[in-house]
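Open the structure and keep the sequence beside it. Work through each exercise before you read its solution.

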Amino acid sequence: MRPARSRGRAVAVVVGLLVCALAASLAGCSGKDAGGRPTVVVTTNILGDITRQIVGDQAEVRVLMKPNADPHSFGVSAAEAARIEGADLVVYNGLGLEENVLRHVEAAKEAGVPTLGVGAAVDPLTYEKDKTAGKPDPHFWTDPLRVRKAVRLIGKKVSAEVDGVDKKAVASRTAAYGKKVGELAADMERSFDGIPAKRRKLVTNHHVFGYLAQRFDFRVVGAVIPSGTTLASPSAADMKALTTTIDKAGVQAIFVDSSQPDRLARVLKREAHREVAVIPLYSESLTEKGDGAATYLQMMRANTRAIARGLARS
């Protein structure tokens with residue numbers, strides 16, 4: 001008799017195929033879009049925006065993660081899982097970020113679909129402390145120079161793997177967008193120059209800004225959730241230890257994700273024996289258009305302004 005897990009997996013595959021068959025007339029699951037263009041499936045919306053800037057109209061870019069979603073917890077439907085396996089190329093973050101989606105990416109890879117794990121290809125860091133110490137940090141996009149490297153990698157992969165694209169057009173868009181990301185890095189450096197060294201201390205809702213800290217000489221003092229994922233929870237001892245750290249380090253501000261509840265950060269603010277601001281940042285997801293961070297460049301510029309204001313104050 002076939003094990004229950006195998007039966008469940010077989011049922012999931014059949015359901016996905018049935019959904020695709022029903023949606024085929026709308027080009028919902030095939031490798032081509034309604035206009036016959038190839039498709040590039042991207043897991044996260046940050047990478048989705050970057051990929052769209054590179055690809056332009058040469059292919060249809062389908063992004064699985066919705067605006068304001070949490071990359072650690074979002075999932076995909078059976079139809080979306082089938083689209084992954086029907087793509088001409090799959091671009092994903094990896095390093096454990098898309099926890100509910102990576103198994104579908106692996107299945108596509110095993111089926112012969114070209115894939116690009118961007119995080120592992122841009123010299124990833126490892127967490128240095130707390131519950132995820134020693135594990136790779138997937139949040140590379142907070143370092144624009146690593147993103148500039150990612151832009152080049154995505155451009156080359158699209159040209160090499162996606163049949164029918166104009167390689168010269170992709171190369172031109174890759175170079176132009178890479179230049180914009182380089183300019184972003186320079187602008188961030190200038191903005192942070194006004195922050196005194198003694199105030200370059202970050203406390204965030206979880207460990208998400210390690211790459212930014214390394215690139216621009218900040219020190220990550222701690223996190224409300226002492227982990228690299230929002231799916232973890234702090235203990236009472238964790239909260240007490242972080243409150244003590246905030247007091248001793250003279251922390252000026254706690255930075256929380258704009259799409260996540262900041263209750264725990266406000267508890268820390270009350271418990272710390274000093275005035276501490278709670279400042280929202282766009283850390284792991286883009287927003288809807290018009291809400292402040294609809295593109296990667298908008299997100300990083302908004303964060304730069306918020307960090308500079310929060311830490312430069314006396």
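**Exercise 1. The whole chain**

Describe the make-up and burial of the protein chain.

Solution. Note first that this is a predicted model. Step one: count the elements. The protein chain has 10 helices and eight strands. Step two: look at burial. The chain holds 314 residues, and 51% of them count as buried. The accessible surface is about 14500 Å², with 52% of it belonging to carbon and sulfur atoms. Step four: take the contacts between residues at least 6 apart in sequence. Of these, 64% join residues at least 24 apart.

**Exercise 2. The span of helix H6**

Check whether the span of helix H6 (residues 167-192) agrees with its 26 residues.

Solution. Step two: compare. Step three: inspect the N-terminal end. Asp 166 caps it, with a side-chain oxygen 3.0 Å from the backbone nitrogen of Lys 168. Step four: find the packing partners. Buried residues of H6 include Val 170, Tyr 177, Leu 184 and Phe 192. The buried residues of H6 pack against helix H2 (45-55), helix H5 (144-161), helix H7 (210-216) and H10.

**Exercise 3. The faces of helix H4**

Which residues of helix H4 (residues 102-110) are buried, and why do they line one face?

Solution. Step one: list them. Leu 102, His 104, Val 105 and Ala 108 are buried. Step two: look down the axis of H4. The buried residues fall within an arc of 155°, so they line one face of the helix. Step three: recall the geometry. An α-helix has 3.6 residues a turn, so residues three or four places apart point the same way. Step four: turn to the other side of H4. There, Arg 103 and Glu 110 are exposed. Step five: find the cover. Helix H3 (78-85), strand E3 (89-92) and strand E4 (115-117) are among what covers the buried residues of H4. Finally, Gly 112 follows H4 and has a positive phi, near 100°.

**Exercise 4. The nonpolar cores**

Solution. Step one: size the core. It has 56 residues, and Ile 50, Phe 218 and Tyr 296 have the most contacts inside it. Step two: name the helix. Helix H10 (residues 296-312) gives the most, with eight residues. Step three: look for another core. One of 16 residues lies apart, and Val 41, Ala 81, Ala 87 and Ala 108 are among its members.

Technical notes:
Residues are numbered from 1 along each chain as its sequence is written. This is a predicted model: local features need pLDDT of at least 70, side-chain atom pairs count only at pLDDT 80 or more; totals for chains, interfaces and linings use all residues. Side-chain values use heavy atoms; hydrogens and water are left out. A nonpolar core is a set of buried Ala, Val, Leu, Ile, Met, Phe, Trp, Tyr and Cys residues joined through side-chain atoms within 4.5 Å. Buried means under 20% relative accessible area, exposed over 50%, partly exposed in between (1.4 Å probe, protein chains only). Helices (H or I, at least four residues) and strands (E, at least two) are DSSP runs, numbered from the N terminus. Contact means heavy atoms within 4.5 Å. Accessible areas come from the Shrake-Rupley method with a 1.4 Å probe; for residues, only the protein chains shown count as cover. The expected span of a helix is 1.5 Å times one less than its number of residues. A polar contact is a pair of N or O atoms within 3.5 Å; within protein, one must be able to donate a hydrogen and the other to accept it, and residues adjacent in sequence count only if both atoms are side-chain atoms. The arc is that of the directions from the helix axis to the C-beta atoms.
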